[in-house]
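The following note sets out points for a colleague who is examining the structure. Please read it with the sequence and the coordinates at hand.

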Amino acid sequence: MQVIDKVEGKVPRLPDLFSWTDEGVRIRSAKCHDCDTYFFPEYHAQHRPDCPRENVEKVLLANKGKLATFTIQHYMCPPPFKTTGDITPYGLGLVEFPEGISVAGLIMETDLDSLKIGQEVETFDYVLYKDEDGNDVVTWAFRAVK
Amino acid sequence: MRDVYIVGTGEHPWGKFNDKNFVEVGEVAVAEALKDAGVRWTEIQAIMSSILIYGGNAGHLSGQYIESMFGETGVPVVNVYNACATGSAAIRMAYNSIAAGETDTVMAVGVDLSPKGFLTAKSDDPRQDRDVLRWRMTGMPNPIYWAMECRKRFEKYGDTPEDLADVKVLLSQFGAKNPNARYKKVYTRDEVLNSKMVCDPLRLYEICAVSDGAAVVILSADPKKIQSANKPVKIAATTMGSAIYGDPTIRISALSAPSKAEAPLLSESYSASKQAYEKSGLGPEDIDVLELPDNSSWHYLQYLETCGFCGEGEAHKMLREGKTQMGGKLVVNPSGGFASFGEAIGAQAIWQVVEACDQLRGRAGERQVPNCKTAMAQTYGLMGNSGTTILTI
C-alpha cells in the first residue's frame, strides 16, 4: 500500500485524520502495542489503565468496515459545520473496522433507506465545499460497497 | 463521617429568560432555599457553585457573583464544571466538606442560561478539543449520538417508535402538573409520532430542549438546623463516576469507540450508581422515585438498565407494563423530567435533587407519589462523568 501525499485539487478540512492511498481513503489511527488499543484521532491517546504507553505506532485503518449503527439526520447541522448548500437528509454512522476500533462519520452517496446494521461500507473523501483557491475541501465519509 | 441532611431547597421556574442575567435567576432559588431552611445568609459556611460555560468570566466565577448579591462573607466559594453532572459535583463537595467536619452548613447552587439552539464547539483547536472535529468534519449535534445508540437498542432488544413516544407522553402528564415546568402541554402518542423526525429514530418531541433555570440545596449537619427544618432529607449517598476503559458508548464529542465492549455502556453512570448503592447500603429495589436524565427518550429506557432497575434489554417491558408510572413499583421522573423542563447544564443535577426532595417531603401536589421514602437522582454527563444521589426521609 502506497500513501499518496497530495491529491491535486483536494485539501482536508482539518489535517491528520485520514490519508489517500493507492488502496482508497484510510482513516489515520495509532496503535498502542503495549495495551493493544487503537486511537482516533491518532493524537488522542486512550490507553488501558496502567499501560506503560511506550510503543505507540501510527497506522492506517482498513478501507472497509461494517456499519455498527447509524442515523439519518433531517436537520442541517449548524456552523462550524460547512457544506455547499443543505445536504439533508444525510447519514451518519459508526463503522467497525477489522482492527477493533469503530469510527463515526458521514454516510453519503448511499440510498439512506436501504441502510442496515452490519452492512459493509467503504471510506472515501467527501467534498464539503470549495475554498477560495478552488480546491475541494474534503472530509472522510462512508458509503455502501456496491 | 457524620450524617448530612438537606434542610432547604429552592428553584427558579425553568424557561427562557432573555431579559434576566444569571444572578437574577439564581437569586430567586437562593432566597427560596434560605427561607425554606430557616437559615440566614451569614450562616452559610461555604458555597459550591456551578460554572456557566457560556457566561464568560462571570459564568466561570458564578459563586462569587451570587455571593456578592447576597453580601460577601469571606467563606470558601468553589466553582465547578462537570458537564451535565456539574450540580452533582457541587453537592458532593458540599456533602464531603460537612461530613468530614470542616463545615456545618453549606449551599450548593446551580444556575444556567443556555445559548439559543444547539450547543456547539467552544474552541477552535482540534488537537486539543475533539468537539472541534465532530462539528467541522462530521456534522454531529448531540442528538446524533443518542440516535445511534437508540438504533442499536431497536436492533438488539426490539424497542419501538411507540416506546419512544410513550416516554414523552408519560413525562408530559407529569410536567403538566408541575408549576415550575417550562412545557405544560399533555401529548398523545400520535402527536409525538407525528412530530418532525430529527435524527431517525428520534423525533422532535423525544429530544429535550435547552433551558434557563436555577436550583439550590442547603446541606447541614448542625443538629439545631436539622431539628428546626421542615422535613429534613438525609443524604444516603452522593457519588460521582467517570468512564471505564473499554466502554463501547459512542460518547458525545468522541468520534470513535472500541468495537468490543470491556465495560458497560454509559460506564460513568454505571459507576456512579454502583458506588451510591454500595455507600448507602440500598439497592434499586429500595428506590420509590427515580429522577433520571431524559435528554431523549433513549436515555429514559437506557438508564433504567444502566442503573440496575431491570436487566439489559428489559426497559421497554417496564415501560409497557406501567411499572415506571404513578402507581408502579418505581415512579420515574414525576417532575416531568427534562422533557418538561429542558436541560440547563449547570443547574439540572441540583434541580433533580430538589424535585426528589419535594417528593420525599410530600410537597409534590398532584404529582405526589404516595408513601415516598427513598429517592434517587441520576445524571448523564459529557465525556464520561456522572453523579448519583440517594436520599431518604
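1. Aromatic pairs. The structure is a predicted model. Taken over all chains, the aromatic pairs number 13. Ring pairs join four residues of chain B into a cluster, namely B:Trp14, B:Phe338, B:Phe341 and B:Trp351.

2. Charges over rings. In chain B, the ring of B:Tyr187 has the charged end of B:Lys185 over it, at 4.8 Å from the ring centre.

3. Extent of the interface. How many residues of chain A are in contact with chain B? The count is 46 residues of chain A, which touch 34 residues of chain B. Between the two chains an area of about 3500 Å² is buried, and carbon and sulfur atoms give 63% of that area. On the side of chain A, the residues that lose the most area to chain B are A:Leu14, A:Tyr43 and A:Tyr75, which together account for 17% of what that side buries.

4. One of the salt bridges is formed by A:Asp16 and B:Arg127, whose closest N and O atoms are 2.9 Å apart.

5. Composition of the chain A side. Which elements of chain A give two or more residues to the side that touches chain B? They are the strands β7 (64-73), β8 (90-96), β9 (101-107) and β11 (136-144). By class, this side of chain A holds 29 nonpolar, 13 polar and 4 charged residues.

6. Cis peptide bonds. In chain A, the bond from A:Pro79 to A:Pro80 is cis, with omega near 10 degrees. A:Pro80 belongs to the loop between β7 and β8 of chain A. In chain B, the peptide bond from B:Asp200 to B:Pro201 is likewise cis, with omega near 10 degrees, and B:Pro201 is located in the loop between β5 (197-199) and β6 (202-203) of that chain.

7. Backbone of A:Arg53. This residue, which is not a glycine, has a positive phi, near 60 degrees. A:Arg53 is found in the loop that lies between β5 (37-39) and β6 (56-60) of chain A.

How values were computed:
Residues are numbered from 1 along each chain as its sequence is written. Chains are lettered from A and ligands numbered from 1 in the order in which they are written. This is a predicted model: local features need pLDDT of at least 70, side-chain atom pairs count only at pLDDT 80 or more; totals for chains, interfaces and linings use all residues. Side-chain values use heavy atoms; hydrogens and water are left out. Rings of Phe, Tyr and Trp (its six-membered ring) pair if their centres lie within 6.5 Å; planes under 30 degrees apart count as stacked, over 60 as edge-to-face and the rest as tilted. A charge sits over a ring if NZ of Lys or CZ of Arg is within 6 Å of the ring centre and within 35 degrees of the ring normal. Contact means heavy atoms within 4.5 Å. Buried area is the accessible area (1.4 Å probe) that two parts lose on being put together, summed over both. A salt bridge is a side-chain nitrogen of Lys or Arg within 4 Å of a carboxyl oxygen of Asp or Glu. Helices (H or I, at least four residues) and strands (E, at least two) are DSSP runs, numbered from the N terminus. Ala, Val, Leu, Ile, Met, Phe, Trp, Tyr, Cys and Pro count as nonpolar, Asp, Glu, Lys and Arg as charged, and the others, Gly among them, as polar.
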